[in-house]
Structure formats: structure tokens, C-alpha cells
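My notes follow in the order I took them.

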Amino acid sequence: MTTAHEEPLVDTPFFLAWIEEMATAVQVERDRLTELDAAIGDADHGANVDRGFTAVRQALADGPPETPRAVLVLAGSTLIRKVGGASGPLYGTAFRQMGRTLRDAPEVTLAELAVAFDAALAGVQKLGGAAEGDKTMVDALAPAVRALARAVQDGSKPEDAMAAAAEAAAEGARATVPLQARKGRASYLGPRSIGHEDPGAASTALIFAALRKAAG
Ligand code: ADP
Ligand code: MG
């Protein structure tokens with residue numbers, strides 16, 4: 001990541017580092033994610049995201065893309081191809097939409113990154129139809145995207161903006177515990193889904209924690 005005279009810029013190595021951090025994080029947390037999914041789903045979320053991000057890491061190593069846009073589009077397409085669960089197409093769409101919003105340049109501004117995150121959220125909501133409060137990944141993603149946009153608007157440094165997003169995502173994931181699921185597999189449990197953290201919200205929090213790590 002570099003900082004220009006006026007606008008903070010985020011470069012291709014930053015996006016590669018972010019994906020590397022998230023692949024590591026979901027691998028380390030694989031069992032916890034699976035346990036969360038065992039409680040209110042079918043116990044495959046850890047395996048799904050680990051398989052997906054391991055494949056993304058491999059695809060990026062095979063042919064390192066030269067722009068943030070290309071990194072994100074490749075990551076998204078790989079997730080869609082490799083992950084069968086609900087989370088694969090949802091995360092895949094998020095990354096792909098994020099990439100498609102960006103210019104095909106080796107660096108993007110922090111403001112452009114914030115707009116791209118907004119497109120990721122819109123993509124997830126269009127595909128999955130979940131609103132905040134439905135106990136899904138949207139409950140971590142939406143507040144994180146908002147926190148990032150707010151920080152960017154306030155002129156925060158990239159590392160501070162990304163830290164704010166990571167905190168909002170973690171808080172959003174924790175806040176899914178008392179909710180009843182209204183979307184996805186967990187919704188089949190009705191009130192019995194109450195009292196457990198949503199696995200997809202938990203993995204989204206890891207993705208934003210990885211963003212903060214890549215920035216720091
Ligand atoms: P599956 O539910 O097919 O087994 P995963 O276990 O990998 O897939 O992912 C489950 C997670 O996907 C949930 O915890 C939730 O966060 C997310 N999810 C499921 N359905 C939706 C949806 N319609 N919108 C947003 N997120 C969803
Ligand atoms: Mg599952």
C-alpha cells in the first residue's frame with residue numbers, strides 16, 4: 001500500500017496480501033467455522049471456505065494478476081467454481097462484483113475501494129435476498145462496508161479505515177447470536193437457530209480481520 005500526495009492508494013500487492021491473510025485465517029479457523037455450522041446448519045462451512053480460499057490462493061499463484069480488479073475477479077470466479085455451499089456463490093459474487101467496480105489499474109484509491117465494497121454487499125443481497133437482521137453474512141458485511149465508507153469520508157488513513165471495518169464486522173458477527181435465522185439453511189431451525197453465531201457472519205469477520213492485517 002502506498003500513500004500519494006492527496007489520496008491514499010491501494011495497490012495490487014495489498015490485495016494479494018489480503019487474500020493470503022484470509023486464506024490463512026479461514027484455514028486456522030476452519031474447525032470453529034464448522035462447529036458453528038454444526039449448530040445451525042450442516043457442518044460444512046469451515047470446509048467450504050477453506051477449500052474455496054485454498055483454491056483462490058492456488059489460482060493467484062498460478063498466474064498472478066496485475067491489477068486489483070483482476071485479483072478480485074479471479075478470486076470470485078474461483079470461489080463460485082470451487083465451493084458448492086450457499087457461501088461459495090455468495091462470496092464469489094461479492095469478490096467478482098467488487099472487482100468489476102474497479103478500474104483496471106495497478107492501484108485504486110481508498111474511496112474507490114469503499115465503492116467496490118458497497119458493490120460486494122449489493123451483489124450478496126441481490127443474489128441471496130437477505131437483509132440485515134436475517135442472521136447471515138450480511139450482518140457482518142453491511143456494518144463493515146458502512147464503517148469503511150464512513151472512515152474514508154472522514155479522511156482516515158487506510159489502516160485506520162480497515163481497522164474500523166474489521167471491528168464493525170466482528171461486532172456484527174457477534175450480534176447474530178441472539179437472532180433467529182430468516183435466510184439460508186439455519187432458517188429451517190426457526191427459533192432453535194437463536195443462541196448461536198452465524199457461521200457466514202463469522203467467516204466475513206475473518207475476511208475483514210485479514211484486511212486489517214494486510215493493511216498493518
Ligand atoms: P450451506 O448453507 O449451503 O451449507 P455454507 O455452510 O458454506 O453453505 O454457508 C452458510 C452461510 O451462508 C450462512 O451461515 C450464512 O451466513 C450464509 N448464507 C446462507 N444463505 C444466505 C443468503 N440467502 N444470504 C446471505 N447469506 C447467506
Ligand atoms: Mg453449511
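Which element gives the largest share of the lining of the largest pocket? I found that H6 does, with four residues. I note at the outset that this is a predicted model.

**Entry: the largest pocket**

I looked up the volume of the largest pocket and got about 540 Å³. I counted 29 residues in the lining of this pocket. Nearest its centre lie Ala86, Ser87, Leu90, Gly184 and Arg185. I then sorted the lining by element. Helix H2 (30-40), H3, H5, helix H6 (110-128) and H9 each give two or more residues. By class, I logged 11 nonpolar, 11 polar and seven charged residues in the lining of the largest pocket.

**Entry: ligand 1**

Where does ligand 1 sit? I placed ligand 1 in the largest pocket. I then checked the elements of the shell around ligand 1. Those that give two or more residues are helix H3 (45-62), helix H5 (87-101) and helix H9 (199-215). H9 provides the largest share of this shell, three residues.

I listed 20 residues around ligand 1. Asn48, Ala86, Ser87, Gly128 and Asp198 come nearest. Two of these names, Ala86 and Ser87, I had already written down for the centre of the pocket. By class, the shell around ligand 1 has six nonpolar, eight polar and six charged residues.

**Entry: backbone contacts of ligand 1**

I went through the polar atoms next. Gly128 has a polar backbone atom 2.9 Å from a nitrogen atom of ligand 1. Met137 has a polar backbone atom 2.9 Å from an oxygen atom of ligand 1. For Gly200, I noted a backbone N or O atom 2.9 Å from an oxygen atom of the ligand. I also looked up the cover. Ligand 1 taken alone exposes 560 Å², and the protein buries 92% of that.

**Entry: the cavity**

How many cavities of 30 Å³ or more does a search of the whole structure find? I got one. The largest cavity has a volume of about 100 Å³.

From Trp18, the list runs through Tyr91, Ala94, Phe95 and Met98, then Phe117, Ala120 and Val124, and on to Leu141, Thr204, Ile207 and Phe208. H5, H6 and H9 are the elements that give two or more residues to this lining. H5 gives the largest share, four residues.

What is the make-up of the cavity lining by class? I logged 11 nonpolar residues, one polar residue and no charged residues. For the lining of the largest pocket I had seven charged residues.

**Entry: cross-check**

I compared the element lists last. H5, H6 and H9 are listed for the cavity lining. H5, H6 and H9 are also among the elements listed for the pocket lining.

Definitions and conventions
Residues numbered from 1 in each chain as written. Chains lettered and ligands numbered in written order. Predicted model: local features only at pLDDT ≥ 70, side-chain atom pairs only at ≥ 80, totals over all residues. Heavy atoms only, no water. Near = heavy atom within 4 Å. Polar contact = N/O pair within 3.5 Å; in protein donor to acceptor, adjacent residues only side chain to side chain. Areas by Shrake-Rupley, 256 points an atom, 1.4 Å probe, with all protein chains shown as cover. 1 Å grid on protein atoms, 1.4 Å probe; cavity = no way out; pocket = protein on both sides within 12 Å on 5 of 7 lines; lining within 4 Å. Sits in = over half its atoms within 2 Å of the grid points. Nonpolar A, V, L, I, M, F, W, Y, C, P; charged D, E, K, R; others polar. Points joined across faces, edges and corners; volume = space filled by probe spheres on them.
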